[in-house]
Amino acid sequence: MKFDLWRILFRPQSRMVSPLPGAFLMLACFSFLAPGFLRAEVALGEHGAVASVNEIATRAGINALKHGGNAVDAAVATALTLGVVDGFNSGIGGGCFMLIRLQNGKFLAIDGREMAPAAATHDMFLRNGKADSDLSQLGALASGVPGSLAAYEAAIRQCGKIPFREHLLNAAKVAEDGFPVTRHYANVVKHVAEDLSRFESSKAIFLHDGKPFEPGEILRQPDLAKTYREVARNGIGWFYGGAFADATEKWMRQNGGIMTGADLKNYRIEFREPIFTKYRGHTIVSFPPPSSGGVHVAEILNILDRYPLNKMPSNSPEMIHLVAEAMKLAFADRAYWLGDPAFAKVPRGLVSEKYAKQLAKKIDLRRATVVPEHGIPEKSNDDLFGKHTTHFSAADAEGNWVACTATVNTSFGSKVVIPGTGVVLNNQMDDFSAQPGVPNFFGLVGAEANAVAPGKRPLSSMSPTLVLKDGKPILSVGAAGGPTIISQTVLAIINVLDYGMNIDQAIASPRFHHQWSPNELKVENALGQQTFHALELLGHTLKPVESLGVSQAVGKNPKGKGLVGAADSRASGRADAW
Ligand code: DON
């Protein structure tokens, strides 16, 4: 049932692509539509490009570029604005992974993933011995300690050109002035209205006299504006150690939660070592654990690199079969091996070419195989990765590139707004494995590596990824949609590198996804009945869906100078450039 809701939320919109407002110096803007394809929106400009799921947020990113900012400023301006206009997907009450490539060639992987509160326990989501998803998805126990705000602040402090304060004040103005609710936003609220109305402070903001807003009505968030302004004035300490932390502790104490002011004070972002892997002579740079995305994007591409994919027509049954079999093997590994690297030993061997060769041997090109369990990658003393749901991309002409995926997990996260702050708290605790083999919201199963523990980060599928050719970035891509994020990211890369598609085509192209458990191949309806039939003959159990998530990308213009942004029309995405 939960999957049905998810499907409804990701239904493609029949919105027409309209000319971009104020696209100063924009060289071209067009939409792609061909048989068998959905549509993506694309914009080309010489100074920079931004792509996100929301027009107002993308515009904030472009404005940052026009006011002397770089791609990191554009990404953070977009992120903070998304927290206002698209708060059901992401916000400062949630977490993010931000992958940055600076013009000097350096990489930063900023881990702003939530952490479990200190009082979290292994079996906290069991009721009478059984995992209870209401506990991990809704209300006081569902939230991890949020990390996005600290990640954005660090990104700007280390790499930005515009003070963080200014980014916050700009977004605060959007929160205060309000914005017209889109059809997509109204739909999301309608589907979670009952849960939202359980919490007075959430109901007061996101429902109008107890009813969902109609498309076009103006939604104002003065409390969130105030929170952004307080952080602008006092720094992020106001959130992590001051009034926000106090208000959170108070609400949690009164409502059966366990998060304390000390949890917020102890929150730390982590700077991680990105994963570098090769595919078709390109370098793929991706996010390490606690993202499972980077590991499995690399693992799947390593397997596929052994096959001449471009000899199989794009989205033909044989191509889908091969890629789905590779996905299945990688997701079997995810369920067993992956977790926060500070708690679980994640073998580096998962992304080795030797292991990919071993896995590739398990694939039968004529028949869907049953994968009984995870594989055994090579182990080494250097096993730990990174010692130490919305995706947006930005790039500028100087060579700064950002891929960032941010989320409060499911729509409006835990549905809790800490009173007086306007901040929606995530329900990222559901990304832990509450009990071995028991699926979470996204049907994902996990093992001890991803069990709940105090201070631990729940495993994520978020896969912000950069692709380089001869050391220079050509693509920044990622997606939203739980585990399908990994598949969407792999497919976008294959579409560009194997099939020579432009990024808008790569994103519009129909998708498929296999996550090992359940043993079914999800296929977008646009792939067509004939393909479905051929896949069934190959032994796949199909689950047709309208849409598998939402992806955004920025790329180098393959035909010459400039940068291209592409936004997925499966949601009301918007790409812009100048
Ligand atoms: O981190 C993760 O993998 C999930 N919390 C992402 C959730 C997501 O993509 C929601 N969008 N459908």
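Buried means under 20% relative accessible area. The model shown in these views is predicted.

**View 1. Asn495 sits in a helix and counts as buried.** Helix 16 spans residues 484–497, and Asn495 lies in it. The relative accessibility of Asn495 is 3%, so this residue counts as buried. Which residues does Asn495 touch? Leaving aside residues up to four places away in sequence, Asn495 touches Ser314, Gly500, Met501, Ala506 and Ser509.

**View 2. A shell of 16 residues surrounds the ligand.** The closest are Thr389, Gln428, Asp431, Ser460 and Ser461. Sorted by class, the shell has eight polar, six nonpolar and two charged residues. Look at the contacts next. Thr389 places a polar side-chain atom 2.9 Å from an oxygen atom of the ligand. A polar side-chain atom of Gln428 lies 2.7 Å from a ligand nitrogen atom. With Gly481, it is a backbone N or O atom that lies 3.0 Å from an oxygen atom of the ligand. How much of the ligand's accessible area does the protein cover? On its own, the ligand has 340 Å² of accessible area, and the protein covers 97% of that.

View 3. Most peptide bonds are trans. Pro290 is found in a loop, between strand 14 (282–286) and helix 13 (293–304). Pro518 is in the loop that runs between strand 19 (512–514) and strand 20 (521–524).

**View 4. Asn128 and Asn315 each have a positive phi.** Most residues other than glycine have a negative phi. Asn128 is not a glycine, yet its phi is positive, near 50°. Find Asn128 in the loop between strand 6 (126–127) and strand 7 (130–131). Asn315 is not a glycine either, and its phi is about 60°. The loop between helix 13 and helix 14 (317–337) holds Asn315. Is Asn128 buried or exposed? Its relative accessibility is 81%, and exposed means over 50%, so Asn128 counts as exposed. Asn315 has 12% relative accessibility, which means that it counts as buried.

**View 5. Aromatic rings form pairs and a cluster.** A pair of aromatic rings is described by the distance of the centres and the angle of the planes. The count comes to 13 aromatic pairs. One of them joins Phe206 and Phe412: the ring centres are 4.6 Å apart and the planes meet at 55°, so this pair is tilted. Both residues are buried: the relative accessible area is 2% for Phe206 and 0% for Phe412. Phe239 and Tyr240 form an edge-to-face pair, with 4.9 Å from centre to centre and 70° between the planes. Why is that pair edge-to-face rather than tilted? Its planes are 70° apart, and planes over 60 degrees apart count as edge-to-face. Phe239, at 0% relative accessibility, counts as buried. Tyr240 is buried too, with a relative accessible area of 7%. Which residues do ring pairs link into a cluster? They are Phe88, Phe179, Tyr185, Phe206 and Phe412.

Definitions and conventions
Residues are numbered from 1 along each chain as its sequence is written. This is a predicted model: local features need pLDDT of at least 70, side-chain atom pairs count only at pLDDT 80 or more; totals for chains, interfaces and linings use all residues. Side-chain values use heavy atoms; hydrogens and water are left out. A residue is near a molecule or strand if one of its heavy atoms lies within 4 Å of it. A polar contact is a pair of N or O atoms within 3.5 Å; within protein, one must be able to donate a hydrogen and the other to accept it, and residues adjacent in sequence count only if both atoms are side-chain atoms. Accessible areas come from the Shrake-Rupley method with a 1.4 Å probe; for residues, only the protein chains shown count as cover. Ala, Val, Leu, Ile, Met, Phe, Trp, Tyr, Cys and Pro count as nonpolar, Asp, Glu, Lys and Arg as charged, and the others, Gly among them, as polar. Helices (H or I, at least four residues) and strands (E, at least two) are DSSP runs, numbered from the N terminus. Buried means under 20% relative accessible area, exposed over 50%, partly exposed in between (1.4 Å probe, protein chains only). Contact means heavy atoms within 4.5 Å. Rings of Phe, Tyr and Trp (its six-membered ring) pair if their centres lie within 6.5 Å; planes under 30 degrees apart count as stacked, over 60 as edge-to-face and the rest as tilted.
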